[in-house]
Amino acid sequence: MSRKIEQVNELLKDKLAHLVSREIPLDNGLITVIYVKTSPDLKYAKITVSILPEKFAGTALERLRKQSGFFSQIIRKETRLRKVPKFNWVLDTTEKEAAEIEKVFREIEKER
C-alpha cells in the first residue's frame, strides 16, 4: 500500500470517527470506526465500524449510509482532498466471532 493511500485512510478514519460521534448519536450505544481501506484509485473507501450493542447494528448502518453524502461534503470542506471517495460502510463482526469461539472453548472445557 502506498504512503499516500495510508495517509488518506488515516485522515478519513479520524474525520469519520469525529463526524459519526457528533452526527449519529446512539442512546446507550456506541459506533466506532475500526479502519478505513481506500481503493488505489481513491474512488472507493471501505469503512469498517463496530456497533455496540449489536441490536443497534442494522439501524446504525442504515443511518451511516444515509449520511454518507453529508459526511463527504464536510470532509471535502475540511481537508485538501481533491476527491472524496465513495463510502461503503461495513459492520465489523470480529467481536461476535470471538464470543462464539470463546463459547466453544468453554463447552470443550466443560466436557473434560
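Modeller: Buried means under 20% relative accessible area, exposed means over 50%, and partly exposed is in between, with a 1.4 Å probe and protein chains only. The model is predicted, so to speak of a local feature takes pLDDT of at least 70 and a side-chain atom pair needs 80 or more, while totals for chains, interfaces and linings use all residues. Residues count from 1 along each chain as its sequence is written, and side-chain values use heavy atoms, with hydrogens and water left out.

Colleague: Is Phe70 buried, exposed or partly exposed?

Modeller: Partly exposed, because its relative accessible area is 33%.

Colleague: And Phe71, buried or exposed?

Modeller: Buried. Phe71 has a relative accessible area of 0%.

Colleague: Which rings have their centres 6.2 Å apart and their planes at 65°?

Modeller: Those of Phe71 and Trp89, so that pair is edge-to-face. The rule: rings of Phe, Tyr and Trp (its six-membered ring) pair if their centres lie within 6.5 Å; planes under 30 degrees apart are stacked, over 60 edge-to-face, the rest tilted.

Colleague: Where do the two partners sit in the chain?

Modeller: Phe71 is in helix H2 and Trp89 in strand S3 (residues 86–91), 18 residues apart, so the pair links distant parts of the chain. Helices (H or I, at least four residues) and strands (E, at least two) are DSSP runs, numbered from the N terminus. Trp89 is buried too, at 2% relative accessibility.

Colleague: How many aromatic pairs in total?

Modeller: Three. One of them joins Phe70 and Phe71: it is tilted, with 6.2 Å centre to centre and 45° between the planes. Phe70, Phe71, Phe87 and Trp89 make up one aromatic cluster.

Colleague: What does Ser68 touch?

Modeller: Phe87 and Trp89, leaving aside neighbours within four places in sequence. Contact means heavy atoms within 4.5 Å. Ser68 lies in helix H2 and is buried, at 12% relative accessibility.

Colleague: Switching to helices. At what angle do H1 and H2 pack?

Modeller: About 125°, with axes 10 Å apart; H1 covers residues 3–23 and H2 residues 57–78. That makes H1 oblique to H2. Axes are lines fitted to C-alpha atoms, for helices over the stretch in contact, and angles run from 0 to 180 degrees between N-to-C directions. Under 35 degrees is roughly parallel, over 145 roughly antiparallel, 65 to 115 roughly perpendicular, and the rest oblique.

Colleague: Which residues meet there?

Modeller: From H1, Leu12, Lys15, Leu16, Leu19, Val20, Arg22 and Glu23; from H2, Leu64, Phe70, Phe71, Ile74, Ile75 and Glu78. By class, the contact of H1 with H2 has nine nonpolar, no polar and four charged residues. Ala, Val, Leu, Ile, Met, Phe, Trp, Tyr, Cys and Pro count as nonpolar, Asp, Glu, Lys and Arg as charged, the others, Gly among them, as polar.

Colleague: Now the backbone. Which residues does the cis peptide bond join?

Modeller: Leu52 and Pro53, with omega about -10°. Pro53 lies in the loop between strand S2 (44–52) and H2. Most residues other than glycine have a negative phi, and most peptide bonds are trans.

Colleague: What is phi of Asn28 near?

Modeller: 60°, a positive value in a residue other than glycine. Asn28 is in the loop between H1 and strand S1 (30–38). It counts as exposed, at 75% relative accessibility.

Colleague: And what phi does Leu42 have?

Modeller: About 65°, positive although Leu42 is not a glycine. Leu42 is in the loop between S1 and S2, and it is buried, with a relative accessible area of 18%.
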